[in-house]
Amino acid sequence: ENNGFVRQIDFYVLERVCEDIHKWLEQGYDMVKISFNFSKQHFVDENVAEKINEIATKWKIPKEYLEVEFTETAYIDDYDNLVATIDKLRDMGISSSIDDFGTGYSSLSLLQNLEFNTLKLDKSFLREREKDNRNKTVIANIIHMAQELDMDIIAEGIETKEDFCFLKNLSCDVAQGFLFDKPLPKEEFEKRLLMKIYS
């Protein structure tokens, strides 16, 4: 990120993701939404949404299969461009998410001012849950607030059945973590698509 090369890497990854989705759709796989990270460095460019859309269009990717994931710190560094980019992506049919939510000091302002499709609750909340009942109340209210704002909520870092049951009782939309799966090589992911494990 310090020298800006991350912007080239992000677009390289997006190109490969779209190429793979195109191939999987042609082969008749039941596709799922793929989320890809974009660095806060992209917000020096007011046309970043158009460039994302251009690659998706080039590979003829239905937009519901793409989600751009931003870190919470992007909000702090370039608010105006972030707002404009999220609005453009939404108009193009591409969803966006905020990753590691709750790690910064601007979290409530994020919910108030930015229309993300998905909120990804940082795993640090679950670690703290073991020690502090007050934290359970915070988690419950974040989930409720996000849903009231018509956002999907994903809890990250789920490693135990206790974590899963806790979140299920709070009606959290999606749980993500090693309890369910670990990062996979592309070939293994393809096998699971073919077996319709994610359907």
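1. A helix crossing is called left-handed if the near helix is turned anticlockwise from the far one by less than a right angle, and right-handed if clockwise. The crossing of H2 and H4 here is right-handed. This is a predicted model, where local features need pLDDT of at least 70, side-chain atom pairs count only at pLDDT 80 or more, and totals for chains, interfaces and linings use all residues. Residues are numbered from 1 along each chain as its sequence is written, and side-chain values use heavy atoms, with hydrogens and water left out.

2. On that helix pair: the axes (lines fitted to C-alpha atoms over the stretch in contact) of H2 (residues 48–58) and H4 (residues 79–92) come within 8 Å and cross at roughly 30°. H2 and H4 are therefore roughly parallel to each other (angles under 35 degrees count as such). Val48, Ala49, Glu50, Ile52 and Asn53 in H2 meet Thr85, Lys88, Leu89 and Met92 in H4, with contact meaning heavy atoms within 4.5 Å.

3. Cysteines, then. The whole structure has 0 disulfides (pairs of cysteine sulfur atoms within 2.5 Å). For Cys165, the nearest cysteine sulfur belongs to Cys172, 13 Å away. Cys165 counts as partly exposed because its relative accessibility is 41%, whereas Cys18, at 0%, counts as buried (buried is under 20% relative accessible area, exposed over 50%, partly exposed in between, with a 1.4 Å probe and protein chains only).

Terms used. Axes fitted to C-alpha atoms, helices over the stretch in contact; angles between N-to-C directions. Helix = DSSP H or I, 4+ residues; strand = E, 2+ residues; numbered from the N terminus. Parallel < 35°, antiparallel > 145°, perpendicular 65-115°, else oblique.
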